[in-house]
Number of protein chains: 2
Amino acid sequence: MSQKKRYFLEEDEIPRNWYNIQADMPVKPMPPLNPQTREPMKAEDLYPIFARECCDQELNMTDRWIPIPDEVREMYKYYRSTPLVRAYGLEKALGTSAHIYFKNESVSPMGSHKLNSAIPQAYYCKKEGVKNVTTETGAGQWGASLSYAASLFGLEAAVYQVKISYEQKPYRRSIMQTFGAQVTPSPSMSTRAGKNILTANPNSQGSLGTAISEAVELARTTPDCKYALGSVLSHVTLHQTVIGLEAEKQMEMAGEYPDIVIACFGGGSNFGGISFPFMRHKIAAENGKSHTRFVAAEPASCPKLTKGKFCYDFGDEAGYTPLLPMFSLGHKFQPANIHAGGLRYHGAGVIVSQLLKDGLMEAVDIDQIESFEAGCLFARAEGIIPAPESCHAIAATIREVRKLKEGEEKVILFNLSGHGLVDMASYDKYLSGDLINYTVTDEEIEANLAKQQ
Amino acid sequence: MSQKKRYFLEEDEIPRNWYNIQADMPVKPMPPLNPQTREPMKAEDLYPIFARECCDQELNMTDRWIPIPDEVREMYKYYRSTPLVRAYGLEKALGTSAHIYFKNESVSPMGSHKLNSAIPQAYYCKKEGVKNVTTETGAGQWGASLSYAASLFGLEAAVYQVKISYEQKPYRRSIMQTFGAQVTPSPSMSTRAGKNILTANPNSQGSLGTAISEAVELARTTPDCKYALGSVLSHVTLHQTVIGLEAEKQMEMAGEYPDIVIACFGGGSNFGGISFPFMRHKIAAENGKSHTRFVAAEPASCPKLTKGKFCYDFGDEAGYTPLLPMFSLGHKFQPANIHAGGLRYHGAGVIVSQLLKDGLMEAVDIDQIESFEAGCLFARAEGIIPAPESCHAIAATIREVRKLKEGEEKVILFNLSGHGLVDMASYDKYLSGDLINYTVTDEEIEANLAKQQ
């Protein structure tokens, strides 16, 4: 009955490069546009906002492998490799002959995959002499990770936390403060973007789009300050490919290759992180590994991939960012207050948007209640309480399992992007029957898209 | 600059036996006594309360190695081995030439070491046909672990959670409920023990001693129900030796042997768990490994090891348990409401009590504020927010480091028994300057000891 459950890599096998799928994409992403001139933007145009190295990575269409700096790799070693786990418990609970694996990013000290990009972003800022970093955070996972990474490299961090999350998740605020970060609920009166929102709607509960506007404004108006984003952008997804690159080696140790790769979807970084290293074989159609399906699981209340429109749109609510070619619900879209705060974002990253357009991946939308049902089933089967965001990946996995024929032995790999120990209030609501589903009509989406520009 | 940070064991190297120090102790622990007759009790006398296998382990003075059942070892593989970590960040923050290692039990899915004993206890109950388990929980770590272990083996779990913790830590309650456990704040009106306390003091905030009384009473009065304890008893400590046995192999991988082993101290199971496998070499004085010091770090507000008296005392408030030979503050002692809820217990396990008496180990007491100072320093240095209990071990480690001479290369190993992500309200209080220290006078201890029996 002894079966190997967890696969680890030796420290010297932790990847030395991130994988840049932009070098391999059959159709390259369209460039970001300057909103005033609608001219394509170059990396240099982004330097005032982001660390320079991140800007270069963002628009790098040629280098397949980007070296992970030694300083970053040394910090990765504190929690990487994360385990690849064969989910025997979940398989048994589902009565399936599928082989289900998950990459357990929840063992990161901050409880999620976000640290994978927080460390390099803070490092690059430090390297170019920046003293302050600022960002937004929804569920608080990204804010906590950047706060810790900033403290590691001696930077000051200022975080705008979406107000509903600031209030619902005080523990995340405390985590950020433990690492010395300054945390402000967004919208706030500290920025023009925040003031405008509060003037129009004094009871605004905030959104990621608004919090991004506030952080970008702070970065623009503060000397020695750069902005760092936790998802959506291509350089963030690049950093997250360490997940899939590890998983690829670990699946080899298990003697398997995934037929389906699944991750939850907010802006696309954890999805791209686990998917792209496998997708490169599909693009190259090499080694007979071209059959793998890639499934992004988004919330039904914020369905940009399944119901949004591919268009140029802003990344933030106030329209401070470049125009990005993305599947979007419109940058003025205010998502419902679902508990998966990390998935409450109106748009999808440019790489994922292009890949979806080109049929290299799929998307499904998951109702809030279905996501928590899946999360509780997983918790009881595997002993890990998943983050509300990760519950969407589990729900999508269960859907795939239920589609299989009796005895069919598909190999499914999903990303457990984080644990839910700091989100127990959400489970409380689910367990007491107080959760509801939110949906969005086509008319609402149309109306939001019409508002843009 | 590349330095190995984390050491893991292969799954087939996870220990196959627990280490029973009772077989090796120079002076064996005195037996538990029947409170009515004051006659020594045998394992069979404990069968009505605990799983039979646990009772046999409790009083086993002869077998050095107790086999870990295959079913338990398979479940251990879901999170074991836990990493042994070289704390380079902490060393740097302290500017020390000591080599500091910690065993990271916080990566267990329940966030602490408690699962190591919850799994075998639930397994043994299942094996003998028991349908229900009941227990107490202070901080909630043990209750969460037993709830999960019970669900793994298809048992119903009823948990009495100390009322102050039930109110201060709603997330832990939700975690238990997610695994299907029934959670009751203690003292409650559901037992005679609870009613008596509430009648005398309607505002009682509860204590571990009271919650134990309630759970024991439930086990005694419910068919097919056994009680499971999370610390103090010798069989619990036995199960926890998996920590030290792993650490011993991992220290070998690192090419080092600890000069000092440190753990926080509530009832003694995490302390014994990491210490005893190393202490066996000290007892045998073999391989030149007899110099190691073992330091238990208890809270200054509940100082049974440093200020208590060695005597026969009850393990619970109501006096339902056998009389145990222990360092105690008196079983009526009501500890102050420190945030390290898991350390709020009046007595020490019988093995540890005997070892302290015989000079094989030491104890220090740590003030609440010193513990959180140490916890924050560690968090910023290593990125892991430690449980308030574990902060005591870190504080004791820092004290040892500060005693070293310039350049002295001692090897220190401490147990990071759990993370504090569900205890952020406590960090909040510390960061906002609202925490206070609690101390206990000799007179208070005398008065409590006088109350007993």
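Author: Over 6 bridges, strand β6 (residues 132-137) of chain B pairs in the parallel sense with strand β7 (residues 156-162) of chain B, where strands are DSSP runs of E with at least two residues, helices are runs of H or I with at least four, and both are numbered from the N terminus. Two strands pair if DSSP finds at least two bridges between them. This is a predicted model, in which local features need pLDDT of at least 70, side-chain atom pairs count only at pLDDT 80 or more, and totals for chains, interfaces and linings use all residues. Residues are numbered from 1 along each chain as its sequence is written, chains are lettered from A and ligands numbered from 1 in the order in which they are written, and side-chain values use heavy atoms, leaving out hydrogens and water.

Reader: In β7(B), which residue is the bridge partner of E136(B)?

Author: Strands of a sheet pair through backbone hydrogen bonds, either parallel or antiparallel. For E136(B), the bridge partner in β7(B) is Y160(B).

Reader: Which are the edge strands of the open sheet in chain B?

Author: The open sheet of chain B has 4 strands in the order β8-β7-β6-β9, with parallel pairing. Those that pair on one side only are the edge strands, β8 (182-186) and β9 (225-227) of chain B.

Reader: How are the two copies related?

Author: Chain B can be laid on chain A by a turn of 180° and a shift of 0.0 Å along the axis, with an RMSD of 0.0 Å, superposing by least squares the C-alpha atoms of residues with pLDDT of at least 70 in both. The copies are thus related as by a two-fold rotation axis.
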